[in-house]
Amino acid sequence: MERDPPKPRPEDRRPGGSQHPNHAGDRLSRVDVVFEVASERYPLDERAATQMAENLRVKAAHEPGAEGTVGARAVADAIELRLIEDTADPITLGGDGAEAVFYALNAPTGRGDRPWALYHAVKRLHDERLRQKS
């Protein structure tokens, strides 16, 4: 006789976590979106990645022509695709995409949980881009 998996209890839920129960052998309910910058990988949890995608979309829609808007929509689309498909394929950042993430992470969010490792990685690309323009 096969038993149904236990139902998740409200007290077991993480804010922003999946509502799907964790079956033995399945992925954990936590989803990471992995960014790749200069062959290094930087994971963001589901909540942080979702927030970044929202910020990128708002910037692209409401600040056309501002710094970091050119690649904003493409990175937001890539984040959304990773979250929907629950895939571990990294989002490779370079050029306009890295600039978009740099400016998104450089903006004050009112929270102290900025992903510093990813920020410093895209900042190095940003600084190199500035040196090349000089």
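Helices (H or I, at least four residues) and strands (E, at least two) are taken here as DSSP runs and are numbered from the N terminus. The model is a predicted one, in which local features need pLDDT of at least 70 and side-chain atom pairs count only at pLDDT 80 or more, whereas totals for chains, interfaces and linings use all residues. Residues are numbered from 1 along each chain as its sequence is written, and side-chain values use heavy atoms, with hydrogens and water left out.

**Overall figures**

- The chain has 134 residues, of which 33% count as buried, a term that stands for under 20% relative accessible area, with exposed meaning over 50% and partly exposed in between (1.4 Å probe, protein chains only).
- The accessible surface amounts to about 8900 Å², and carbon and sulfur atoms contribute 51% of that surface; these areas come from the Shrake-Rupley method with a 1.4 Å probe, and for residues only the protein chains shown count as cover.
- Among contacts (heavy atoms within 4.5 Å) in the chain with a separation of 6 or more, 51% are between residues 24 or more positions apart.

- The three strands form an open sheet in the order E2-E1-E3 with mixed pairing, where two strands pair if DSSP finds at least two bridges between them.
- Strand E2 (40–45) and strand E3 (91–93) are the edge strands, each pairing on one side only, and the twist from one strand to the next averages 30 degrees.
- Strand E1 (residues 32–37) and E3 run parallel and are joined by three bridges; within this pairing, Phe35 has Ile91 of E3 as its bridge partner.
- Helix H2 (residues 72–85) lies across E1 and E3 and runs at about 135 degrees to E1, where axes are lines fitted to C-alpha atoms, for helices over the stretch in contact, and angles run from 0 to 180 degrees between N-to-C directions.

**Glu36 in strand E1**

- Glu36 belongs to strand E1 and counts as buried, because its relative accessible area is 19%.
- Once neighbours within four places in sequence are set aside, Glu36 is in contact with Arg41, Pro90, Ile91, Thr92 and Leu93.

**Aromatic pairs**

- The whole structure holds three aromatic pairs, where rings of Phe, Tyr and Trp (its six-membered ring) pair if their centres lie within 6.5 Å, and planes under 30 degrees apart count as stacked, over 60 as edge-to-face and the rest as tilted.
- Phe102 and Tyr103 make an edge-to-face pair, at 5.0 Å centre to centre and with 75 degrees between the planes; Phe102 is buried at 5% relative accessibility, and Tyr103 is buried at 16%.
- Phe102 and Tyr119 are stacked, because their ring centres are 5.7 Å apart and their planes stand at 20 degrees.
- Phe102 lies in helix H3 (residues 95–106) and Tyr119 in helix H4 (residues 116–133), so this pair ties together parts that are 17 residues apart in sequence.
- Tyr119 is likewise buried, at 9% relative accessibility, and ring pairs link Phe102, Tyr103, Trp116 and Tyr119 into a cluster.

**Packing of H1 and H3**

- Helix H1 (residues 46–62) packs with H3 at an angle of about 105 degrees, and their axes are 10 Å apart.
- The two helices, H1 and H3, are therefore roughly perpendicular to each other, given that 65 to 115 degrees counts as roughly perpendicular, under 35 as roughly parallel, over 145 as roughly antiparallel and the rest as oblique.
- Met52, Leu56 and Lys59 of H1 make this contact with Ala100, Val101, Tyr103, Ala104 and Leu105 of H3.
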